[in-house]
Every structure is written in structure tokens, then in C-alpha cells.
Amino acid sequence: MTNKICVKTPATTANMGPGFDCLGMALDIWNTLVVTNGEGSISVAGKGSEELPWDSNNLVWRSFNQFFVEVDLPIPLVDFECHNEIPLARGMGSSSAALVSGLLAANKYSGGILNNEDLLKIAADMEGHVDNVAAAMYGGLQIGVYDSEDIVTASVPVPEDISVVIYVPDVPMPTDKSREVLAPDVSREAAVYNIGRSALLVQCMATGNFENLRVATQDRLHQPDRQQIFFPMKNIIKAAIDSGALGAYLSGAGSSILALCVDREYTIGYEMADAAMKSGLNGEIIVTKPTLSGAYFQ
């Protein structure tokens, strides 16, 4: 390999309300991974530096090594430097960013044995769903579905004037715990409710017609169940809508709440934070935009 491989990978927001496990959008918040020949060490700076493992259990390290298992090559000895801006366990795709960056770095190290579709399949298998990893890999708004063992992805245009306000609670919401509360079965009524809204959401984003985004970001498949372990969610979403957001939803498995806007971002953020505080919850507000760029080499 060259002396250094540097990969930048974006945060992602998944589900976007109704698109459970099949819609994801890249956000202009980035983790940076630097890989160099070395002795097998890892360092983590920024978000998650105190919580993430500094050994071979780290997802970056695991995905890098998994690549060489998949292509049946010896695992090289390298050092990893992780510089993280994506909040950990907050529904903003930190694990997907780790998987994608590790796989891309490994593929670069190998001389590019696999294409992005192959890498996406490995990442989705490790993650367990395709929505975040597709958005992290390709950027923009991605639809990702399984066709038997194959993955089909499709890009949806993202309007240039849309912005994002994220309320990031101090309280994490690990994906495994957030999935444990989901009911094993859903009603036909709930399925139809979400199918229609997923289609409406894609239409809103593809055309820039925002008047239906409030309805298009509603959900009955996962947010009601997750409300049981994150009771401030409904109040924060309502505060976002009432203060001018076009739509709002629980980002991924939570705990972040994301609002889609075209203006009044800081007013909306303030009202979301105020609603959270009234529910006994502290956190921070991030104002950003979607990014059309997926992970890339710097």
C-alpha cells in the first residue's frame, strides 16, 4: 500500500420515519480513518474516544480484517487512527461509518480487489441491515432492499435547500436494545400506513415538494414501540413540527431526533431542546445538511 490511507465517511440517518431498514441519508458530519503500516494498534479521538474499544474489538479493525477473510488473503499488520465527529449510539450511523471506512481502507490496501457493491454486501451483512451502510457508501438519500441474497440500491434526489436539525440527547440508545422492544409482528393497517408514507417521502424529496413532509415522516412500525424506552421522543418531534420543521422523526434506532427544515433552524433546535429539558433530558443541537458525497479517500 501507499504510506498512508485516509478515508472520510459521513454520518447517516436511517428510517426517516416510515422507511424502516430501507431508507438512509448521508449527513455532512464526518469520521476520518487513517491507516498506516505498523504494529497493530488503534487510537480513537473525538466522539466515543472513551467508550469505543482500542483493540481488535473495534468495528473499524474488525471490518478491515473481515475484508481479508472474505478475499482469503493474509491479514496485514497496520495501525488505525480514528478521528470521530459522529456521536456514538445516537442513531447517526456511527457503526456503519466504522464498517464502511474499514472495508474501503482494506480494499485500497489490497489494490482494489472488490467493487463497491461487494463491499456494501459485506458491510450490510456485518451491520444486519442496508440503510445506513448504503448511504455511508454512496452518499445522498438511498433506498436499499434485499432481493434474496442480493442488495438493490437506488438513489433519490435530495433538494439543495433542505437542511437538518438534530437533537442529540446525552443518553445513548444502543441499536440492539432499541430493536429488542420492537414487536415481532405488525398489523396490515400499520404496514399500509408506512408503505404509503415511504412512497410519499420519496416523492417529496425527489420533487422538492415539501408540503407533505410532515405526513411523510410519520411512522407506526418502530417509533411507537421505541417510545416506551424513550418517552421524550413524541414531545421533541411535536416541538420541531410546531416551531416550523417540515418533518421530524427518530433518527435510526435513536436516541437522536432529526428535523427537516428550509429555515428557522436555530429556533427549531431551541424548541426541541426546550421540550427535551421539560422531559428531564439534556443534549446538544447539531445544524447541518445532507451530503451527496459518500465515503471517499482524502
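Reader: Helix 1 and helix 3: is their crossing left-handed or right-handed?
Author: Right-handed, for the crossing of helix 1 and helix 3. Bear in mind that this is a predicted model.

Reader: What's the angle between helix 1 and helix 3, and how far apart are the axes?
Author: About 120°, with the axes of helix 1 and helix 3 lying 11 Å apart. That angle makes helix 1 oblique to helix 3.

Reader: Which residues make the contact?
Author: Helix 1 brings Arg62, Ser63, Gln66, Phe67 and Glu70. From helix 3 come Leu119, Ile122 and Met126.

Reader: How do the residues of that contact of helix 1 with helix 3 divide?
Author: Four are nonpolar, two polar and two charged.

Reader: OK, now helix 9 and helix 10. What angle do they pack at?
Author: About 155°. Helix 9 covers residues 233-242 and helix 10 covers residues 265-278, and their axes are 8 Å apart.

Reader: Switching to the core. How many residues are in the largest nonpolar one?
Author: The largest nonpolar core has 33 residues. Those with the most contacts inside it are Val35, Phe64, Phe67, Phe80 and Val100.

Reader: Which element gives the most to this core?
Author: Helix 2, with six residues. Other elements each supply at least two, including strand 1, strand 4 (78-84) and helix 4 (131-138).

Reader: What about a second core?
Author: There is a separate one of 27 residues. Met16, Ile29, Ile166 and Leu213 are among them.

Reader: Last topic: Pro10. Where is it?
Author: In strand 1, which spans residues 4-15.

Reader: Buried or exposed?
Author: Pro10 counts as buried, because its relative accessibility is 0%.

Reader: What is Pro10 in contact with, leaving aside neighbours within four places in sequence?
Author: The partners of Pro10 include Ala26, Leu27, Ile29 and Trp30. Ile86, Ala97, Ala135 and Ala136 are also among them.

Technical notes:
Residues are numbered from 1 along each chain as its sequence is written. This is a predicted model: local features need pLDDT of at least 70, side-chain atom pairs count only at pLDDT 80 or more; totals for chains, interfaces and linings use all residues. Side-chain values use heavy atoms; hydrogens and water are left out. Axes are lines fitted to C-alpha atoms, for helices over the stretch in contact, and angles run from 0 to 180 degrees between N-to-C directions. Helices (H or I, at least four residues) and strands (E, at least two) are DSSP runs, numbered from the N terminus. Buried means under 20% relative accessible area, exposed over 50%, partly exposed in between (1.4 Å probe, protein chains only). Contact means heavy atoms within 4.5 Å. A nonpolar core is a set of buried Ala, Val, Leu, Ile, Met, Phe, Trp, Tyr and Cys residues joined through side-chain atoms within 4.5 Å. Angles under 35 degrees count as roughly parallel, over 145 as roughly antiparallel, 65 to 115 as roughly perpendicular and the rest as oblique. A crossing is left-handed if the near helix is turned anticlockwise from the far one by less than a right angle, and right-handed if clockwise. Ala, Val, Leu, Ile, Met, Phe, Trp, Tyr, Cys and Pro count as nonpolar, Asp, Glu, Lys and Arg as charged, and the others, Gly among them, as polar.
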